[in-house]
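Here is a short briefing on one protein chain. Keep the sequence and the 3D view open as you read.

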Amino acid sequence: MRIAVTGSIATDHLMTFPGRFTDQFVADQMHTVSLSFLVDNLDVRRGGVGANIAFGMGQLGTKPILVGAAGSDFDEYRAWLDRHGVDTGSVRISETLHTARFVCTTDADHNQIGSFYTGAMSEARQIELKTVADRVGGLDLVLIGADDPEAMLRHTEECRSRAIPFAADFSQQIARMNGDEIRILLDGATYLFSNEYEKGLIESKTGWSDAEILSKVGHRVTTLGARGVRIERDGEDPIEVGCPEEDRKADPTGVGDAFRAGFLSGLAWGVSLERAAQVGCMVATLVIETVGTQEYQLRRAHFMDRFTKAYGHDAGEEVRTHLG
């Protein structure tokens, strides 16, 4: 199964604040906020939702095709992704702009405040999926992740016109999109990904109810934080999957991307939706135990031991046959 992952390619600058953001806000001064947080740590990591998802899929052996735009400073990052099983042949390199940057601070309660510099990502709108499909011999599914908004719209319309199944995954871009754009991006999606907060925001901005959205997509996949994930389909009972037990909670950045990597890999293997969601939750658990979105190691024996402990012998044996 050939899966293209479109989305941002970025460098993450991750910082930790030992206090709580909420303690710093003054209720009657919220209209004139001016805050600076003295942080304890700075980690510079590879990131971007498209690259994060593709990295996880590469770790699982499903050979994803990364589609996005980066700067001339991408060479080292490209080599890293290539070594970890990602096809980077469809990444556009800007002649004038740097690779995007994400700057994020996490507080003691794991709340986050972040800023994103688009840089070369703005050129993703110039990428045509037909060129990608021709290069790899066709596409079976395209994940349309958070990226340049015009690129997301173009990729969605191209998937529809070429009858390529697609998954809608707005994540960070949902805050800047209006209802009309969101309606265009989700209508007809085979999968719609979001977390619980984004689910409510999608319904609020589109004016569509949960039932109306379910009638317009194949599957609605909602991540529930520590409670796992819920998968819904119009007219069917929901599938709910819990998370494996965590060894520790180091940093939540990239956990959603990791879930998508595991879930999409399960789809590529042809396993059930429940099993794919279990794989996604296991990968997400590895990421929350690690600082950085691509710093975890997916060791087959370790992965299978924890997966089997969480989901049972039969689930473990089925996944073992696919995990390279």
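A disulfide here is a pair of cysteine sulfur atoms within 2.5 Å. By this rule the model has zero disulfides. The model is predicted, so local features need pLDDT of at least 70 and side-chain atom pairs count only at pLDDT 80 or more, while totals for chains, interfaces and linings use all residues. Residues are numbered from 1 along each chain as its sequence is written, and side-chain values use heavy atoms, with hydrogens and water left out.

**Cysteines**

- Which cysteine sulfur is closest to that of Cys-243? It is the sulfur of Cys-281, at 4.2 Å, which is too far for a bond.
- Cys-243 is partly exposed, at 33% relative accessible area. Buried means under 20% relative accessible area, exposed means over 50%, and partly exposed lies in between (1.4 Å probe, protein chains only).
- Cys-159 counts as buried, at 1% relative accessibility.

**The nine-strand sheet**

- Helices (H or I, at least four residues) and strands (E, at least two) are DSSP runs, numbered from the N terminus. Two strands pair if DSSP finds at least two bridges between them.
- Nine strands form an open sheet with mixed pairing, in the order β5-β4-β1-β8-β9-β10-β11-β12-β13.
- The edges are β5 (87-93) and β13. Each has a single partner strand, so one side of each is left without a neighbour in the sheet.
- Neighbouring strands of this sheet are turned by 15° against each other on average, direction ignored. Axes are lines fitted to C-alpha atoms, for helices over the stretch in contact, and angles run from 0 to 180 degrees between N-to-C directions.
- Strands β10 (residues 191-195) and β11 run parallel, joined by five bridges. Within this pair, Tyr-191 stands opposite His-219 of β11.
- Strands of a sheet pair through backbone hydrogen bonds, either parallel or antiparallel.

**Thr-222, inside the sheet**

- Thr-222 sits in strand β11 (residues 219-223). Is it buried or exposed? Thr-222 is buried, with a relative accessible area of 0%.
- Contact means heavy atoms within 4.5 Å. Beyond its neighbours within four places in sequence, Thr-222 is in contact with Ser-194, Asn-195, Glu-196, Lys-199, Gly-228, Val-229, Arg-230 and Glu-232.

**Helices on the sheet**

- Helix α4 (residues 149-161) lies across β1 (3-6), β8 (141-144) and β9 (166-169). Its direction is at about 160° to β8.
- Helix α8 (residues 255-269) lies across β1, β8, β9, β10, β11 and β12 (229-232). Against β10, α8 runs at about 155°.

**Helix α10**

- Helix α10 (residues 300-311) has 12 residues. From first C-alpha to last, α10 reaches 16 Å, close to the 16 Å expected at 1.5 Å a residue. The expected span is 1.5 Å times one less than the number of residues.
- Its buried residues are Phe-303, Met-304, Arg-306, Phe-307 and Tyr-311. They pack against β13 (239-241), α9 (273-288) and α11 (313-320).
- Just after α10, Gly-312 takes a positive phi of about 100°.

**Nonpolar cores**

- A nonpolar core is a set of buried Ala, Val, Leu, Ile, Met, Phe, Trp, Tyr and Cys residues joined through side-chain atoms within 4.5 Å.
- The largest core has 52 residues. Leu-81, Phe-193, Phe-259, Phe-263, Leu-264, Phe-303 and Phe-307 touch the most other members.
- Helix α9 gives the largest share of this core, nine residues.
- Not counting residues up to four places away in sequence, Leu-264 touches Ile-3, Ile-53, Met-57, Leu-141, Leu-143 and Phe-193.
- A second, separate core has 31 residues, including Val-67, Ile-127, Leu-129 and Ile-213.

**The four-strand sheet**

- Another open sheet, of four strands, has the order β3-β2-β6-β7 and mixed pairing.
- Its edge strands are β3 (41-47) and β7, each pairing on one side only.
- The twist averages 15° from one strand to the next.
- Six bridges join β6 to β7, and these strands run antiparallel. Val-103 stands opposite Ser-115 in β7.

- Most residues other than glycine have a negative phi.
- His-110 has a positive phi of about 65°. It lies in the loop between β6 (100-106) and β7 (112-117). His-110 is partly exposed, at 29% relative accessible area.
- Ser-171 has a positive phi near 40°. It is found in the loop between β9 and α5 (179-186). Ser-171 counts as buried, at 12% relative accessibility.
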